[in-house]
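Here's a quick briefing on aromatic contacts and helix packing.

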Amino acid sequence: MQTITLIRHLPTEWNKQDLLQGKRNIDISYPNNKIQEEIQHNIKLLSKLSPFDLVLASTLKRTQQTAKWYGYLFKIEELLDELDFGPFEGVSKRMLYKEYGNQWICNPGEIILGESLNHLEQRIRMFIDKYKEYNNLLVFGHGAWIRAFVSLKQYGHINEMNKITVENNKCMVITTTIVDSVQ
């Protein structure tokens, strides 16, 4: 059995403005009291799940800063990087919905932004294969990546990802049999 604990990075100013970040390397905002309480709650959960075989963060500083707020040393893994939203980075999510509408919700795999969503799925499959020998992973990641990962694990594809909500600082625990590899 493998356990992967996923934590979406802490909020940034762009999150607060509902702007897509993608590959933009944006700092987190200083956590307010509510967020700090959520961090403490999650730390208690993580203490029950530890020790972790490996702690990972993406190459983008918002995940690394989040891991530091949690008190973890981490290995940087580029496969965890957020989806490249291309021309939609720095733009309101509403503009993406306006452009792609129902396709974004029901069939995102065919969309190409700065990166195709099929490529995001390939990166997640590579991640799963690369870390299949680890029993207990802690991952500090990004919204679209985590949603796509959950969709892939639950449905075998990423087309359900935009029906899933993952708030900033959300902690999710995914337990699966290791032989349950995703093809």
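Phe127, Tyr131, Tyr134, Trp145 and Phe149 make up one aromatic cluster. Rings of Phe, Tyr and Trp (its six-membered ring) pair if their centres lie within 6.5 Å; planes under 30 degrees apart are stacked, over 60 edge-to-face, the rest tilted. Keep in mind that this is a predicted model: local features need pLDDT of at least 70, side-chain atom pairs count only at pLDDT 80 or more, and totals for chains, interfaces and linings use all residues. Numbering starts from 1 along each chain as its sequence is written, and side-chain values use heavy atoms, with hydrogens and water left out.

**Aromatic pairs**
- The structure has 11 aromatic pairs.
- In one of them, phenylalanine 85 and tryptophan 104 sit 6.3 Å apart centre to centre with planes at 50 degrees, so the pair is tilted.
- Phenylalanine 127 and phenylalanine 149 pair edge-to-face, with 6.4 Å between centres and 85 degrees between planes.
- That pair links helix H5 to helix H6, 22 residues apart in the chain.

**H5 against H6**
- The axes (lines fitted to C-alpha atoms over the stretch in contact) of H5 (residues 117-130) and H6 (residues 143-155) come within 10 Å and cross at roughly 70 degrees.
- H5 and H6 are therefore roughly perpendicular (65 to 115 degrees).

How values were computed. Axes fitted to C-alpha atoms, helices over the stretch in contact; angles between N-to-C directions. Helix = DSSP H or I, 4+ residues; strand = E, 2+ residues; numbered from the N terminus. Parallel < 35°, antiparallel > 145°, perpendicular 65-115°, else oblique.
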